[in-house]
Amino acid sequence: MKPITFNIYVMSFRRAKCITSHKLFDYCTVVVREEEAEEYRANGINNLLVIPKGAVRNFMTTLYWIIENTPEDVIYVCDDDCNDFVYRQRDTIPITSTETGEADTNVITQEIERVAQMLVDLNLGIASDNASMSIYAYCSEFAFVGMPGHMRWINKACLKAKYDDKDPCASDIDMVMQELCMNRIILQPRYLSVNSVVGTNTTEDRVTQKVFIENMKNKWGKYYGFNYKRNIASIKVQR
């Protein structure tokens, strides 16, 4: 068998001066749009994968562009505003160096690689972190159903989900739902979480979110739910 190739990618947009995630790994490639590449280089970020102008327009088109235009068998893709990684059980413990107190990039990178190897061993298409950092959301080291968060692993050989530009449900949540239909499970390491900067939703964002939620309900029926009082979505697939 040939060796499985792997790389870490940080998906970034309009954060040349405040991107943080790339500092948390031993190695990574930052993915940016062509029109922003020089600004990133001017801020000292040179290991770039540049998306040609006009090739993407939103999160999902960018994610699938990365999947389709990277040479590795397995990739890890995270948001660009991650501050630190934590172990989560009964409490959250930052993954930091005992010597410097800063993020332990070696341990974090090994954890990322560990999950990637498990994804290959299990012949699964997707792994992701849990969207919630809450302690009560931790019920086991791993789960096999769950909402995606700030990072995702893709095993290209086993990925079944497809992107449809005309589908109003196109999202990483819909991607997980497709995998649950065809690969039956995803892999979700609940013991590993990441803190990130969370923006405030505008009124326009909330209107767009409601339209998306209703489209998801229409498409997936009883298997997708949303609690408007708590502003929490849920995947209701039993495994």
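Let's start with D80, which is buried, with a relative accessible area of 4%; here buried means under 20% relative accessible area, exposed over 50% and partly exposed in between, using a 1.4 Å probe and protein chains only. What you are looking at is a predicted model, in which local features need pLDDT of at least 70 and side-chain atom pairs count only at pLDDT 80 or more, while totals for chains, interfaces and linings use all residues. Residues are numbered from 1 along each chain as its sequence is written, and side-chain values use heavy atoms, with hydrogens and water left out.

Who is the partner of D80? The side chains of D80 and R15 meet in a salt bridge, 2.7 Å from N to O; the term stands for a side-chain nitrogen of Lys or Arg within 4 Å of a carboxyl oxygen of Asp or Glu. D80 sits in the loop between β4 (74–78) and β5, and R15 in the loop between β1 and β2, so this pair ties together parts that are 65 residues apart in sequence. The labels for strands (E, at least two residues) and helices (H or I, at least four) come from DSSP runs, numbered from the N terminus. R15 counts as partly exposed, at 27% relative accessibility. By the salt-bridge rule, the count comes to eleven.

Now follow R152, which counts as buried at 4% relative accessibility. Its side chain meets that of D172 in a salt bridge of 3.8 Å, N to O. Because D172 lies in helix α4 and R152 in strand β9, the pair ties together parts that are 20 residues apart in sequence. D172 is buried too, at 16% relative accessibility. R152 also forms a salt bridge with D79, where the closest N and O atoms are 3.9 Å apart. That pair links distant parts of the chain, with D79 in the loop between β4 and β5 and R152 in strand β9, 73 residues apart.

Helix α4 deserves a visit of its own. Nine of its eleven residues are buried, among them D172, M175 and V176.

Which residues line the largest cavity? They are I126, S128, P148, R152, D172, M175 and V176. On a 1 Å grid over the protein atoms alone, a cavity is a set of points where a 1.4 Å probe fits but cannot get out, and lining residues have an atom within 4 Å of a point. The largest share of this lining, three residues, comes from α4. The largest cavity holds about 50 Å³ of space, where volume is the space filled by probe spheres set on the points, and points are joined across faces, edges and corners.

Turn next to the backbone. Most residues other than glycine have a negative phi. R14, although not a glycine, has a positive phi of about 60°, and R14 is exposed, with a relative accessible area of 67%. N231 is likewise not a glycine, and its phi is positive at about 55°; N231 lies in the loop between β12 (224–227) and β13 (232–235).

Finally, how many disulfides are there? A search of the whole structure finds zero, a disulfide being a pair of cysteine sulfur atoms within 2.5 Å. For C18, the nearest cysteine sulfur, that of C82, is 13 Å away. The sulfur of C169 is 12 Å from the closest cysteine sulfur, in C181, which is too far for a bond.

Notes
1 Å grid on protein atoms, 1.4 Å probe; cavity = no way out; pocket = protein on both sides within 12 Å on 5 of 7 lines; lining within 4 Å.
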